[in-house]
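The following exercises concern the structure shown below. Each task is followed by a solution in steps.

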Amino acid sequence: MNDMTQPVPLTAGNFKSATKPIWCPGCGDFSVLSSVTKALALVGKPPHQVAVVSGIGCSSRIPAYTSCYGFHGVHGRSLAAATGLKVARPDLTVLVAGGDGDGYSIGGNHFLHACRRNVDLTYIVMDNHVYGMTKGQASPTTEPDWDNKLSPGGTGVRSFHPLVIALASGANFVARAFAGDPNGTAEIIAQGIRHPGFSFIEIMSPCVTFRPEQREWKNHVHRAAVEATDDAARAARRIMTDDGFNIGVVYAGNRTPYPAVKRNEHSADAVHQLEKEFQL
Amino acid sequence: MSQKTHTTKPPQTLEEFMAQALVMEHEAAQRYNDLADAMEMHNNRDVAQMFRTMAGYEAKHAQQIMEEMNWVDVPGVPTGAWPAMEPPESVPHDEVHYLMHPWHALQLALAAEERAREFFDQLALVATTESVRKAALELRDEEAEHVALVQAWIAKTPKPDAQWANDPDPPRYVD
């Protein structure tokens, strides 16, 4: 007789939807999608226990390409929506995804405060240093001397340093990954999901259409030669002195996630109380 | 990230080795299917069909290993099992173009098969057990056959002209 209680192991395929990505062929986001589905299989939670929340931009289309619950929200507000979801439904694994423009410019303020609050979310930023969906404007992570018709001679503005900002703002897990390393990236995402609190994973994801020179990234990227630290000062020194192509987990801290009390322990009472307040 | 030398620890048992070979074929098939999907979305049907065909071949090779080893599930392989970031037979995501021709797809397939052949060749050199060395040589010879098949296919496929990537309505206007 077959043992019907044995769970069937989840595979990456269980987390892929039937909707095919419309990204440009060659885009790094294809690899990131593959990494996300592999990471979710590693974590082992079924799709109905996972939500993927995003903002606006090429990479923010990712919820549609997974079989998890998804919310494709407004520009820059993915972290706000995800925070609400996670606080209301702490039983869900909540992934937040988007690009550098969505996360660091339009959603920049939410980014700071999401790090500070330390709600148990995993924030994946597919950083290609450009606004791809709107055809190639400079983003917060664009190099100051990137010359193009929309910003002749470059913007001259210093690039935003997401890892430093995340660390300084209180993110409990900080990592850098590379789209061309889908299996390594999957492991980092899985670590980020398992780590309590706000996990920030910056993924270098080349835009082959507007920044074709980023195809060269694969020749520069290298895995971090050191283990993750829980010492923020040490992590900061590492981030500030590396060449920007070091991939791996930089920081894994010990801060208690918000809210400290598990809301689901008394969620029925809380919902009842909330409903009572709104009764006419 | 060079693919040229085998710098990772070689598998110690035949099972470990075959698991590695299986994951390589399995991931290659997945990648070809991803690329086929991307090409279909961009209405490049000839190349989509080419990638789909390649995916079928790789899936067949994976199935053969599963049957040979009596495996039901695809086993995992340890981190760092590959000399580069990805298994050698996977076509890198970033090496495709929305206007590419079947000839380009075959060039990518050829490079993937050559990397696989080189991988098994290097692995046979560093194998510490006879069963692994023998199996690595067998798979190297199989990959060499695939290289020859793809080369023959390329010879029958028209090479695109130098203007193949010209798009009268390009996505980028920022140059």
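**Exercise 1.** Which kind of unit do β5(A), helix α6 of chain A and β6(A) make?

*Solution.* The model is a predicted one. Begin with the segments: β5 of chain A covers residues 173-178, and helix α6 of chain A covers residues 182-194. Next, consider the pairing: β5(A) and β6(A) are joined in the parallel sense by six bridges, and within this pairing F173(A) lies opposite S199(A) of β6(A). Together with helix α6, the two strands make a right-handed β-α-β unit.

**Exercise 2.** Are the residues of β6(A) buried or exposed, and in which directions do they point?

*Solution.* Strand β6 of chain A spans residues 199-204, and six of its six residues are buried. Buried here requires 20 or more other C-beta atoms within 10 Å of a residue's own. In a regular strand, side chains alternate between the two sheet faces. In β6(A), S199(A), I201(A) and I203(A) point one way, while F200(A), E202(A) and M204(A) point the other way.

**Exercise 3.** Characterise the fold content of chain B.

*Solution.* Chain B has four helices and zero strands, in the order α-α-α-α from the N terminus. Of its 175 residues, 41% are buried. Along the principal axes, its C-alpha atoms fill a box of roughly 55 × 30 × 30 Å.

Notes. Residues numbered from 1 in each chain as written. Chains lettered and ligands numbered in written order. Predicted model: local features only at pLDDT ≥ 70, side-chain atom pairs only at ≥ 80, totals over all residues. Buried ≥ 20, exposed ≤ 12 C-beta atoms within 10 Å, placed from the backbone. Pairing = 2+ DSSP bridges. Right-handed = clockwise from strand over helix to strand, strands pointing away.
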